[in-house]
Amino acid sequence: MSGKTVKEILTSIRQGETKSRDWVQQSLSAIEQIDGELKSFLLVDPEAALQTADRIDNGQASERALLRGVPYALKDNIVTKGVRTTAASRILENYIPPYSATSAQKLEAAGGVMVGKTNMDEFAMGSSTETSAFQKTANPYGKEYVPGGSSGGSAAAVAAGLVPFALGSDTGGSIRQPAAFCGCFGLKPTYGRVSRYGLIAFASSLDQIGPFTRTAEDAAIVLNAICGHDPMDSTSARGQGEIDFTEGIDAGVKGMRIGIVRNLPEEGLDPAIKAAVEEAIRTLEQAGAQVVEVELPHMEYAVATYYLIAPAEASSNLARFDGVRYGRRAEASGVIDMFERSRSEGFGMEVKRRIIIGTYALSSGYYDAYYKRAQQMRTLIRQDYDRAFAHCDVILMPTTPTTAFKFGEKADNPLQMYLNDIYTIPANLAGLPGASVPCGFAGGLPIGLQILAKPFDEKSILRVAHAYEQLRSFAWQRPVLGVAE
Amino acid sequence: MKITAETVSHVARLARLAMPPEDLRQLAPQLSDILEYAEQLQQVQLDGVEPTSHPFHEVNVLRDDVVRPSLPRDLALANAPEAEAGQVRVPAVLEGGGGA
C-alpha cells in the first residue's frame with residue numbers, strides 16, 4: 001500500500017523520532033507531485049497546514065492527543081470555518097463557512113492537521129465523482145477509471161498515499177463504494193455515531209460521516225476522535241460513553257458468526273468479485289469463524305426505496321439554496337425569478353434530476369404511491385436486518401457488483417448508475433454500520449469486501465476486518481498514481 | 001408511469017428551477033425510467049406496515065430556554081450576495097414582476 005498508516009505516524013511522533021511538520025511536508029509534496037493528475041483535492045492550504053504542524057510540534061497538542069500531528073483531508077461537504085467549502089457545486093463556489101463542522105472541530109482538537117478539502121460528486125449526489133462542478137478525479141489504479149463516489153476525492157487521496165486518512169460522508173454507499181473502487185478501507189459508522197453538524201445535508205435520515213484509511217485499525221483510531229453525542233445534532237446518539245474502538249480489535253474471528261446472504265441479488269455481479277468475496281469468507285472460516293446463512297428478502301427493493309427517499313429529503317434540504325443568504329445569486333428583476341435563475345445556474349444536472357424526482361415523489365397525488373410506500377418498504381428492510389442479526393455478528397457481501405468503471409460509461413444513464421449501489425444502500429436505510437475492506441484485484445482494479453453489523457457494533461466490523469487484513473494472501477498491486485513506498 | 005416534458009416543467013417550477021426545453025426533453029425519459037423502476041414497490045403488499053422516516057426512534061430534543069450567544073451579525077451576513085443596513089437585500093418581492 002502507498003504511504004504510512006496513522007498508527008505508524010502517531011508512534012513515530014510520540015516517540016520523538018519525527019515531527020508533525022515532517023509528515024505534513026511529506027503529504028504536501030506528494031500532493032504537489034501527484035495531484036496534478038489525480039485531481040483529488042479541490043483546495044490545499046500548505047501554509048496553514050505547516051503553521052498548524054509547527055504549533056503542534058511546539059507543544060500545543062497534548063502528548064495524549066488522539067491524532068497528534070497527523071495530516072488529513074476532509075470531503076468538501078464538511079464545513080470549515082474560514083476555509084472555502086463548496087460541496088463541489090457552483091452554487092457554493094465562493095462560500096466561506098462562518099463555523100466548522102463538529103467532526104472537523106474534533107479532528108483539530110485531537111491534534112490532527114488538515115491539509116485540504118477533497119473533490120466529490122456535487123452535493124454528494126453520484127457514484128463516480130463525475131458530477132463535481134469543478135474537476136474529475138482519477139482512480140489511482142487507472143487514469144481512465146472513476147474513483148467511485150460520492151467521496152471519490154477522499155478515497156483517491158488516501159489510496160494514492162497523499163494523506164494517511166480522510167473523512168467522507170455516506171448516504172447510500174458514498175464511503176464504502178469509493179473505498180472498494182480505490183483499494184482502501186472505508187467505514188460508514190452507525191447513523192448517529194458521528195455528529196452531522198456542519199455536514200452539508202443531502203438526505204438527513206441517511207447521511208453519516210466516516211473515515212477512509214489504509215487499515216481497519218486506523219479507522220478505529222480516527223473513529224475514536226470523531227464519535228460522540230453532539231448537542232448541535234439532535235440525531236447524534238446519546239449515551240455513547242467513552243469507547244475505544246481499537247480495544248479488542250485483534251481478538252481474532254474464532255467463534256464469531258459470519259452471516260452470508262441466501263439468494264443475494266446477483267444480477268450484474270462480476271464473477272471475479274463473487275469469487276474474491278467467497279475466498280475471503282473461506283479465509284475467515286479457516287481462521288475459526290462460523291458461517292451461517294441469513295435471509296434478506298426485501299433487499300431487491302432497496303434501490304427503488306432509496307431513490308425515492310433520498311431525493312425526497314434532498315429536494316427539501318436543497319431548498320435553502322435560493323441566492324438569498326449565501327451562495328450564488330443570479331441577476332433578476334423579481335425575487336421569484338432570482339430564486340429560479342440562481343438555482344438553475346448554480347446546480348448541475350444530477351442535482352436538478354434528484355430535486356425533481358424528490359419533488360415529484362412528495363407532490364400531492366403521488367405522495368402515497370411513492371414516498372409513503374418507500375417509507376413502508378424501509379421498515380421491512382430494517383426488520384430483515386434485525387432478524388438476520390439475531391443469528392450472526394456480521395454480514396459479509398460484496399461492496400459493489402463491479403470494479404471501477406470508465407469515465408462517461410454510466411454518466412448518460414442515471415438508472416444504471418443507481419443500480420450500482422445495490423449492496424451499499426440497505427445499510428443506510430437501516431442505519432447500520434458498514435465497511436469496505438480490500439479483498440483482491442480483477443483486471444488490475446481493486447475489489448471490496450463489505451462487512452455490516454448491528455447498530456452501534458462497529459467493533460465487530462473492525463475486529464473482522466483487522467483479522468482479515470492479517471490473513472489475506474492475494475498479491476497487493478500498487479496504484480499507477482501514488483507515492484513511492 | 002410515463003413522464004412528459006410538461007410534467008417535468010411543472011415539477012421544476014414547484015422546485016423553483018427554470019429548465020430550458022432541451023433539459024426538459026432529456027429529463028423526461030430518464031425520470032420515466034427511474035419512476036418505472038420504482039413502481040416495483042406498488043407490487044408489494046404493504047398495507048398496515050408502519051412507515052419509517054428515521055432509522056432509530058427519535059424524540060424531540062429541547063434545550064433550556066436560556067439566551068446564548070449566536071452567530072454574530074457580520075459573520076452571518078459575510079456570505080450574503082447583497083447586504084444593507086445589517087440585513088440581507090433581495091430584489092423586489094411585491095412590485096417589479098417576476099412572480100410565479
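I count two strands as paired if DSSP finds at least two bridges between them. Helices (H or I, at least four residues) and strands (E, at least two) are DSSP runs, numbered from the N terminus.

**Ground rules.** I am working with a predicted model, in which local features need pLDDT of at least 70, side-chain atom pairs count only at pLDDT 80 or more, and totals for chains, interfaces and linings use all residues. Residues are numbered from 1 along each chain as its sequence is written, and chains are lettered from A and ligands numbered from 1 in the order in which they are written.

I looked up strand β2 (residues 71-75) of chain A and found it joined to strand β3 (residues 113-118) of chain A by five bridges, the two running parallel. A:L74 has A:K117 in β3(A) as its bridge partner. Helix α2 (residues 20-38) of chain A packs on the sheet and touches β1, β2 and β3 of chain A. I take contact as C-beta atoms, placed from the backbone, within 7 Å. The direction of α2(A) makes about 20° with that of β3(A); axes are lines fitted to C-alpha atoms, for helices over the stretch in contact, and angles run from 0 to 180 degrees between N-to-C directions.

**Entry 2, the whole sheet.** I traced an open sheet of 11 strands in chain A, with mixed pairing and the order β1-β3-β2-β4-β6-β5-β10-β11-β9-β7-β8. Its edge strands are β1 (41-44) and β8 of chain A, each pairing on one side only. On average, neighbouring strands are turned by 30° against each other, direction ignored.

Strand β7 (residues 257-262) of chain A and strand β8 (residues 290-295) of chain A run parallel and are joined by six bridges. Here A:I258 has A:V291 in β8(A) as its bridge partner. Between β7(A) and β8(A) the chain passes through helix α8 (residues 271-286) of chain A in a right-handed β-α-β crossover; right-handed means that, with the strands pointing away from the viewer, the path from the first strand over the helix to the second runs clockwise. β7(A) also pairs with strand β9 (residues 394-398) of chain A, in the parallel sense over three bridges. A:G259 stands opposite A:I395 in β9(A).

I checked helix α15 (residues 458-471) of chain A: its axis and that of α8(A) come within 10 Å and cross at roughly 95°. α8(A) and α15(A) are therefore roughly perpendicular to each other (65 to 115 degrees, by the cut-off I use). A:A280, A:T283 and A:L284 in α8(A) meet A:V464, A:A467, A:Y468 and A:L471 in α15(A). The residues of this contact divide into six nonpolar, one polar and no charged. Ala, Val, Leu, Ile, Met, Phe, Trp, Tyr, Cys and Pro count as nonpolar, Asp, Glu, Lys and Arg as charged, and the others, Gly among them, as polar.

The unreviewed entry lists residues 23-462 of chain A as "domain: Amidase"; UniProt positions are in the numbering used here, feature names are shortened, and annotations may be inferred rather than shown by experiment. The span is 36% helix and 15% strand, and its end C-alpha atoms lie 26 Å apart. The "active site" annotation of the unreviewed entry covers A:K75, A:S150 and A:S174. These are spread over 100 residues of sequence but cluster in space, with a largest C-alpha distance of 11.0 Å. I placed A:K75 in strand β2 of chain A.

The contact takes 55 residues from chain A and 48 residues from chain B. On the side of chain A that touches chain B, α12(A) gives the most, with 12 residues.

Key. Two residues are in contact if their C-beta atoms, placed from the backbone, lie within 7 Å. Angles under 35 degrees count as roughly parallel, over 145 as roughly antiparallel, 65 to 115 as roughly perpendicular and the rest as oblique.
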